[in-house]
Amino acid sequence: MTRIFRVTTQHFASFIMMLAILVITSSSSVTTNSNLRRREQQWRRKTAMLGGFSKIPVDDEDMLAAARFAFHEYLNIDENKHLKSLAHAFSIGEASRQVVAGMNYKILLILLGRGECVAAAEVKVYRDLDRRFRLLSSNGVGCTAANADGI
């Protein structure tokens, strides 16, 4: 009877050892897979699609120059002239750029009056090789849409 107990104990010890090895190897492969996924996501963020728009920081100097231009141009569009007396400043919700023969900027422009959102617009600005700007498009999205985007 003692001998049977030893065999059972040995089997139990072997089982525990194999279980521990299985847990260690499976957790390391999970970690490896999550590390690979994380590295791939970081790489994708860093490398924009060739010819496509890529996000840029909202404090990028060239983009801010484009945003200042877009702010004044947007207020001079006939349908937005009523905003001229309300909007005295702007904020950037998000921005991206595309390298072309020059540079395209897509900017979520938030028009501010007395520190609050008066209006918001998605604008697209082109800067040519001589560093001149042109407003390509503008689409009023409203303050609620700008707030929904996390601004």
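Two strands are taken to pair if DSSP finds at least two bridges between them. Strands (E, at least two residues) and helices (H or I, at least four residues) are DSSP runs, numbered from the N terminus. The structure is a predicted model, in which local features need pLDDT of at least 70 and side-chain atom pairs count only at pLDDT 80 or more, whereas totals for chains, interfaces and linings use all residues. Residues are numbered from 1 along each chain as its sequence is written, and side-chain values use heavy atoms, with hydrogens and water left out.

By these criteria, 5 strands form an open antiparallel sheet in the order S1-S2-S3-S4-S5. Strand S1 (54-56) and strand S5 (133-140) are the edge strands, each of which pairs on one side only. On average, neighbouring strands of the sheet are turned by 25° against each other, direction ignored; axes here are lines fitted to C-alpha atoms, for helices over the stretch in contact, and angles run from 0 to 180 degrees between N-to-C directions.

Strand S3 (residues 102-113) runs antiparallel to strand S4 (residues 116-127), and the two are joined by 11 bridges. A hairpin is formed by S3 and S4 with 2 residues between them, and Arg 114 in the turn has a positive phi of about 55°.

On the other pairing of S4, 7 bridges connect this strand to S5 in the antiparallel sense. Lys 124 stands opposite Ser 137 in S5. S4 and S5 likewise form a hairpin, with 5 residues between them, and Arg 131 in its turn shows a positive phi of about 65°.

Helix H2 (residues 61-76) lies across S1, S2, S3, S4 and S5 and runs at about 60° to S3. Ile 92 is located in strand S2 (residues 89-100). This residue counts as buried because its relative accessibility is 13%, the classes being buried under 20% relative accessible area, exposed over 50% and partly exposed in between (1.4 Å probe, protein chains only). With neighbours within four places in sequence left aside, Ile 92 is in contact with Val 58, Met 63, Leu 64, Ala 67, Ile 107, Leu 108 and Leu 109, where contact denotes heavy atoms within 4.5 Å. The C-alpha atoms of Ile 92 and Ala 146 are 9.8 Å apart in space, although the two residues are 54 residues apart in sequence.
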